[in-house]
Amino acid sequence: MPDLLVKLYNMPKIEYEANMAAHGVKIKRAMALDKKQILEFVKSNFNPLWEHECERALFNSPSSCYIAEKDAKIIGFGCYDATALGFFGPTGVHPEAQGLGIGKALLARCLESMKEKGYGYAIIGYSTNATAFYEKIAGATIIEDSLPEQSVYSNMVGR
């Protein structure tokens, strides 16, 4: 699973606001006050390691975590600058809410924030089965020779 690169300075505008409004979904920057709810959502629905990355993103200033909310419930999240600076992820949408464009909206909002922060590029680390999605939506390209065992994740305990 290679890392991907997104040229933020040359990224196409990703429209998502109208679609989210039509589905009653709000994309908003997460607040530390909502930490417990957000981390429980991540822990219950996704890779257990993502909880720690999400927590880190919540405490960046400003928070580098966005959530998707519908009917006062969290249905998705997206982070950047969690494990390493300049990296997008982790991100996830509850299975019952998939197919509405929420993942696209979270990606767009995070990449917009990274661009506003001054990044020229974003790295999508260790893309598993979503490479085609990132290529299509954000113009991501594969970073050659970017193997997980040689990435920022290689410093994890036990690797």
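Biologist: Hi! I'm new to this one. What kind of model is this?

Modeller: Welcome! This is a predicted model.

Biologist: Let's start with pockets. How much space lies in the largest pocket?

Modeller: The largest pocket holds about 990 Å³ of space.

Biologist: And which residues lie nearest its centre?

Modeller: Nearest the centre of the largest pocket you'll find Trp50, Pro90, Thr91, Gly125 and Tyr126. They belong to a lining of 34 residues.

Biologist: Which helices and strands supply at least two residues of that lining?

Modeller: Helix 3 (48–58), strand 5 (87–93), helix 4 (102–117) and helix 5 (131–138) each do. Strand 5 gives the largest share, with seven residues.

Biologist: How do the lining residues divide into nonpolar, polar and charged?

Modeller: For the largest pocket there are 17 nonpolar, 14 polar and three charged residues.

Biologist: What about the second largest pocket, how much space is in there?

Modeller: About 150 Å³. Its lining is made up of Phe41, Lys70, Asp71, Lys73, Ile74, Ile75, His94, Glu96, Ala97 and Leu100. By class, that gives five nonpolar, one polar and four charged residues.

Biologist: Is aspartate 71 buried or exposed?

Modeller: Aspartate 71 counts as exposed because its relative accessibility is 66%, and the cut-off for exposed is over 50%.

Biologist: And alanine 72, where does that one lie?

Modeller: Alanine 72 lies in the loop between strand 3 and strand 4. Its phi is near 65°, a positive value in a residue other than glycine. Alanine 72 counts as exposed, at 66% relative accessibility.

Biologist: Changing topic: which residues of helix 3 are buried?

Modeller: In helix 3, the buried ones are Glu51, Glu53, Cys54, Ala57 and Leu58.

Biologist: What do those pack against?

Modeller: The buried residues of helix 3 pack against helix 2 (35–45), strand 3 (65–70), strand 4 and strand 5.

Biologist: Which residue caps the N-terminal end of helix 3?

Modeller: Asparagine 47 does. One of its side-chain oxygens lies 2.8 Å from the backbone nitrogen of leucine 49.

Biologist: Now helix 4. How many residues does it have, and how far does it reach?

Modeller: Helix 4 has 16 residues and reaches 23 Å from its first C-alpha to its last. That is close to the 22 Å expected at 1.5 Å a residue.

Biologist: Which of its residues are buried?

Modeller: Quite a list for helix 4, including Ile102, Leu106, Arg109, Cys110, Glu112 and Met114.

Biologist: What follows helix 4?

Modeller: Glycine 118 follows helix 4, and the phi of glycine 118 is positive, near 115°. Glycine 120 then lies in the loop between helix 4 and strand 6 (121–124).

Biologist: What is glycine 120 in contact with?

Modeller: Leaving aside neighbours within four places in sequence, glycine 120 is in contact with Val6, Lys7, Leu8 and Tyr9. Glycine 120 is partly exposed, with a relative accessible area of 27%.

Biologist: Back to the backbone. Where are there cis peptide bonds?

Modeller: The bond from serine 61 to proline 62 is cis, with omega near -5°. Proline 62 is in the loop between helix 3 and strand 3. Another cis bond joins glycine 89 and proline 90, with omega about 5°.

Biologist: Last one! Is threonine 131 buried or exposed?

Modeller: Threonine 131 is buried, because its relative accessible area is 16% and the cut-off for buried is under 20%. Threonine 131 is found in helix 5. Not counting residues up to four places away in sequence, threonine 131 touches Leu4 and Ile142.

Key: Residues are numbered from 1 along each chain as its sequence is written. This is a predicted model: local features need pLDDT of at least 70, side-chain atom pairs count only at pLDDT 80 or more; totals for chains, interfaces and linings use all residues. Side-chain values use heavy atoms; hydrogens and water are left out. On a 1 Å grid over the protein atoms alone, a cavity is a set of points where a 1.4 Å probe fits but cannot get out, and a pocket is an open set with protein on both sides within 12 Å along at least five of seven lines; lining residues have an atom within 4 Å of a point. Grid points are joined across faces, edges and corners, and a volume is the space filled by probe spheres set on the points. Helices (H or I, at least four residues) and strands (E, at least two) are DSSP runs, numbered from the N terminus. Ala, Val, Leu, Ile, Met, Phe, Trp, Tyr, Cys and Pro count as nonpolar, Asp, Glu, Lys and Arg as charged, and the others, Gly among them, as polar. Buried means under 20% relative accessible area, exposed over 50%, partly exposed in between (1.4 Å probe, protein chains only). Contact means heavy atoms within 4.5 Å. A polar contact is a pair of N or O atoms within 3.5 Å; within protein, one must be able to donate a hydrogen and the other to accept it, and residues adjacent in sequence count only if both atoms are side-chain atoms. The expected span of a helix is 1.5 Å times one less than its number of residues.
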